[in-house]
Number of protein chains: 2
Amino acid sequence: MAIISRDFDAPLGTSAPTLEVPEVVIDRLPQYVRTLTQLLEDGVEVTNSQQLGAQLQVTPAQIRKDLSYFGRFGKQGRGYRVRHLLDELKQILGLDAEWNVAVIGVGRLGNAILNYPGFNPDGFHLVAAFDNNPSNVGTEVGGISVQPMTALAQTVVDRDITIAIVAVPSAHTQSVVDQLVACGVRAILNYTPINAQVPDGVRVRSIDPVLALQSMTYYLAYQGHPTNGHQKTG
Amino acid sequence: MAIISRDFDAPLGTSAPTLEVPEVVIDRLPQYVRTLTQLLEDGVEVTNSQQLGAQLQVTPAQIRKDLSYFGRFGKQGRGYRVRHLLDELKQILGLDAEWNVAVIGVGRLGNAILNYPGFNPDGFHLVAAFDNNPSNVGTEVGGISVQPMTALAQTVVDRDITIAIVAVPSAHTQSVVDQLVACGVRAILNYTPINAQVPDGVRVRSIDPVLALQSMTYYLAYQGHPTNGHQKTG
DNA sequence: GACTGTGAAAAGTTTCACAGCT
DNA sequence: AGCTGTGAAACTTTTCACAGTC
């Protein structure tokens with residue numbers, strides 16, 4: 001039982017990440033990390049599930065339950081030492097490591113991503129950029145020299161790249177994702193509006209502002225759009 | 001029973017959107033819309049839950065169940081007419097209307113958003129931009145003249161703006177969101193890494209690439225990061 | 001024969017409520 | 001007294017399986 005400080009005997013070492021911890025829980029941990037980081041910066045040394053819940057708009061019980069999957073980090077009657085809990089969560093999420101990231105596609109969006117300063121403080125280092133278009137290859141974007149796609153496999157190995165950000169035209173998404181998977185990349189942040197198919201063991205997250213807007217309009221549509229009367233078809 | 005073609009008597013007209021339809025279902029509908037749009041463009045006239053499920057990596061049963069909240073759109077033995085189902089779903093989501101959107105903050109990120117061509121084809125029109133910084137006010141970004149924040153309330157009314165995209169520095173998020181809510185905006189797409197507090201009836205969706213990356217590293221950390229041995233603290 | 005629409009079962013997730021530690 | 005950690009209960013969501021229609 002070397003891996004996480006949990007004391008049940010789930011079959012570790014299976015290739016699919018079907019550990020005992022529900023995926024929804026994992027998805028919340030980064031938010032806890034962020035809130036704890038904030039508290040730490042504000043000089044708060046001890047917190048509790050009540051306070052964290054208020055910040056995150058989540059019930060205190062949920063926070064306690066989520067944390068209980070990984071260990072006992074608090075002290076009854078007192079709460080959680082902010083620094084301690086933060087360190088534990090970062091370690092659980094693998095955020096105590098530095099991660100090298102490649103950006104595929106240096107069009108308008110890829111450019112914005114490469115120039116975005118928000119990744120580095122969190123341990124994600126954009127270390128390589130690739131593009132299909134010969135006129136982009138060799139240019140510098142965000143301090144990184146753009147390489148041709150043919151250099152992908154070699155650079156992924158040389159630079160120990162484990163994560164890729166895809167910002168290519170929609171039509172190329174699947175092909176680029178296939179190439180990344182073939183190179184051994186197993187975490188992909190997809191900025192295109194395409195549902196790429198990947199084998200088991202590869203994770204894809206999508207950033208899709210249009211989908212986000214479209215799921216909100218449902219609630220707007222009848223809560224009363226000021227001027228625009230929605231007429232039914234059927 | 002005017003609003004949606006469903007035949008149960010949930011209390012409509014309540015201010016919070018606690019209709020009978022689960023929120024997870026609403027969140028999936030835009031993806032169905034996208035896939036159907038794709039099929040339509042490819043000239044496919046009839047589809048079925050099997051095919052849609054394969055595209056979306058969702059079980060056919062889930063698609064049928066989701067659709068059943070809104071009506072009976074298919075024909076047994078045949079499937080769904082793509083155009084018909086697409087029209088129905090768009091109507092349900094309010095995507096048969098055009099939505100005017102304001103962008104708050106025209107820094108690097110706001111600039112990228114205002115120049116992003118992906119919103120308009122889906123009926124979202126970026127019609128106004130605001131910034132606090134006097135040196136940005138009056139400039140043109142993405143064909144839109146940047147206004148001061150003081151003009152917000154008036155412009156929201158004049159231009160029938162119902163949705164806002166927030167791309168300001170983190171420290172200003174809550175204040176900007178408060179102003180938007182005060183103006184009557186009830187759907188906000190938040191590009192900052194801050195959890196804004198909003199009253200009931202206001203929807204916030206966040207675009208947060210760092211959180212997306214951080215939830216993937218958990219799975220990478222022990223599936224075997226090529227070189228980097230993760231050592232436990234405790 | 002093929003597929004939808006849907007109750008009912010199963011699985012997953014959240015919340016409750018309280019024993020137990022500080 | 002105050003808060004955590006956690007089984008058990010409540011609730012939500014997904015999947016199953018099949019009657020019904022084309």
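Which polar side-chain atom lies 3.2 Å from a base nitrogen of DNA strand D? That atom belongs to A:Lys65, and the contact is a polar one in the sense of a pair of N or O atoms within 3.5 Å (within protein, one must be able to donate a hydrogen and the other to accept it, and residues adjacent in sequence count only if both atoms are side-chain atoms).

## Basis of the description

This is a predicted model, in which local features need pLDDT of at least 70 and side-chain atom pairs count only at pLDDT 80 or more, while totals for chains, interfaces and linings use all residues. Residues are numbered from 1 along each chain as its sequence is written, chains are lettered from A and ligands numbered from 1 in the order in which they are written, and side-chain values use heavy atoms, with hydrogens and water left out.

Of the atoms of DNA strand D that come within 4 Å of the protein, sugar and phosphate account for 61%.

The largest share, four residues, comes from α3(B). By class, the surface near DNA strand D has five nonpolar, ten polar and nine charged residues, where Ala, Val, Leu, Ile, Met, Phe, Trp, Tyr, Cys and Pro count as nonpolar, Asp, Glu, Lys and Arg as charged, and the others, Gly among them, as polar.

## The surface near DNA strand C

DNA strand C is surrounded by 24 residues, of which the closest are A:Arg28, A:Gln76, B:Ser49, B:Arg64 and B:Gly74. Sugar or phosphate makes up 59% of the atoms of DNA strand C within 4 Å of the protein, and the rest belong to bases.

The classes here are five nonpolar, ten polar and nine charged residues.

## The sheet of chain A

Chain A has an open sheet of seven strands in the order β5-β6-β4-β3-β7-β8-β9, with mixed pairing; two strands pair if DSSP finds at least two bridges between them. Its edge strands are β5 (140–141) and β9 (203–206), each of which pairs on one side only. Strands β4 (residues 124–131) and β6 (residues 144–148) of chain A pair in the parallel sense over three bridges, and A:Asp131 stands opposite A:Pro148 in β6(A).

Helix α7 (residues 173–182) of chain A lies across β3 (99–104), β7 (161–166) and β8 (187–190), running at about 160 degrees to β8(A). Contact means heavy atoms within 4.5 Å, and axes are lines fitted to C-alpha atoms, for helices over the stretch in contact, with angles from 0 to 180 degrees between N-to-C directions.

## The sheet of chain B

In chain B, seven strands form an open sheet in the order β5-β6-β4-β3-β7-β8-β9, again with mixed pairing. Strands β5 and β9 (203–206) of chain B stand at the edges with a single partner strand each, so one side of each is left without a neighbour in the sheet. Strand β8 (residues 187–190) of chain B pairs with β9(B) in the parallel sense over four bridges, and B:Leu189 has B:Arg205 as its bridge partner in β9(B).

Strand β5 (residues 140–141) of chain B pairs with β6(B) in the antiparallel sense over two bridges, with B:Glu140 opposite B:Ser145. These two strands form a hairpin with two residues between them, and B:Gly142 in the turn has a positive phi of about 60 degrees.

## Salt bridges

Over all chains the count comes to ten salt bridges, each being a side-chain nitrogen of Lys or Arg within 4 Å of a carboxyl oxygen of Asp or Glu. One of them joins A:Arg203 to A:Glu23, with the closest N and O atoms 3.0 Å apart. This pair links distant parts of the chain, 180 residues apart, A:Arg203 being in strand β9 and A:Glu23 in helix α1 of chain A.

Technical notes: Near = heavy atom within 4 Å.
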